[in-house]
Amino acid sequence: MSLHFSVLASGSTGNAVFVEADGQSFLVDAGLSGKQMEGLFQQIGKSVSDLSGILVTHEHSDHIKGIGVLARKYKLPVYANQKTWNAMDRLIGEVAVDQKFTFDMETVKTFGSLDIESFGVSHDAVEPMFYTFHHGDKKLVVITDTGYVSDRMKGTIENADYYVFESNHDVQMLRMGRYPWNIKRRILSDVGHVSNEDAAIAMGEVAGDRTKGFYLAHLSTDNNMKDLARMSVSQTLQDRGIIVGEQFSLYDTDPKIPTPLVAI
Ligand SMILES: [Zn+2]
Ligand SMILES: [Zn+2]
């Protein structure tokens with residue numbers, strides 16, 4: 001009775017998280033090309049054809065790029081809320097009507113012994129939402145692409161075993177960097193992305209006695225680095241009395257290399 005997962009790829013070049021329990025397996029997003037997605041599956045010893053479906057978070061291309069190809073080639077069911085379907089329909093090409101499913105925000109769908117719960121986030125897409133997986137007493141949360149972590153989100157995601165958690169940018173690097181001001185303002189806004197420090201503050205608040213780790217996800221290529229993210233998250237947590245390695249661990253994710261398949 002265990003829940004397995006791997007962050008297949010994470011970052012602005014494409015996002016995908018693999019989750020499996022009790023013979024049911026899902027992808028949260030497929031933001032790389034079909035070919036790249038197949039390569040990532042190979043690296044964790046899994047096959048796209050065994051998937052039960054793809055869960056879509058929002059219509060940005062780094063989350064949907066491979067969905068059309070994979071859905072057509074492997075006849076996979078695709079789940080998204082109605083507004084997201086409307087926004088991404090023309091972007092992913094033809095998907096058969098009987099493969100299109102609606103997954104409303106703030107609802108739960110049950111697949112065998114796996115419950116999947118959707119929750120809304122604050123991001124500049126039509127109706128962005130992420131997912132919590134419940135299997136027995138195990139809980140896994142995937143949350144990237146949000147401008148901030150609201151109290152409502154915190155209530156939904158608290159005390160999970162593991163988190164795939166956005167730690168997008170270092171504020172200083174972003175401010176000093178080469179992005180035009182309107183892009184900087186978008187990233188820093190309430191509907192953009194979470195900084196290393198803000199991520200750490202939220203982590204400290206949602207972590208509970210069962211929490212074992214956070215996978216730092218969706219790192220900006222231009223405005224962050226793995227070491228910097230880990231250091232800055234650890235430091236901010238330490239300032240709040242939380243020692244990384246004692247209460248819970250931090251893990252890297254990569255734009256191209258899957259994290260090892262972990263059993264919760
Ligand atoms: Zn996005
Ligand atoms: Zn994204």
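Reader: With which residue does Glu38 form a salt bridge, and how far apart are the closest N and O atoms?

Author: Side chains of opposite charge can pair when their charged atoms come close. The term salt bridge requires a side-chain nitrogen of Lys or Arg within 4 Å of a carboxyl oxygen of Asp or Glu. Here Glu38 pairs with Lys73, with 2.7 Å between the closest N and O atoms. Helices (H or I, at least four residues) and strands (E, at least two) are DSSP runs, numbered from the N terminus. This is a predicted model, in which local features need pLDDT of at least 70 and side-chain atom pairs count only at pLDDT 80 or more, while totals for chains, interfaces and linings use all residues. Residues are numbered from 1 along each chain as its sequence is written, chains are lettered from A and ligands numbered from 1 in the order written, and side-chain values use heavy atoms, without hydrogens and water.

Reader: How many salt bridges does the rule give?

Author: The count is 14.

Reader: Which residues are linked in a network of salt bridges with Lys154?

Author: Asp151 and Glu205 are linked with Lys154 in such a network. The N to O distance between Lys154 and Glu205 is 2.6 Å. Lys154 lies in helix H5 (residues 151-157) and Glu205 in helix H8 (residues 196-206), 51 residues apart.

Reader: Is Lys154 buried or exposed?

Author: Burial is read from relative accessible area: buried is under 20%, exposed over 50%, and partly exposed in between (1.4 Å probe, protein chains only). Lys154 is buried because its value is 17%, whereas Glu205, at 47%, is partly exposed.

Reader: Which residues are the protein donors of the zinc ion (ligand 2)?

Author: Donors are N, O and S atoms within 2.8 Å of the metal (3.2 Å for Na, K and Ca); water is not among the atoms, so sites may look incomplete. For this ion they are Asp62 (OD), His63 (NE2), Asp145 (OD) and His218 (NE2), 2.1 to 2.2 Å away. The zinc ion (ligand 1) is 3.4 Å from the zinc ion (ligand 2), and Asp145 coordinates both. Asp62 lies in helix H2 (residues 61-64) and His218 in the loop between strand E12 (213-217) and H9, so this pair ties together parts 156 residues apart in sequence. Asp62 is buried at 9% relative accessibility, and His218 is buried at 2%.
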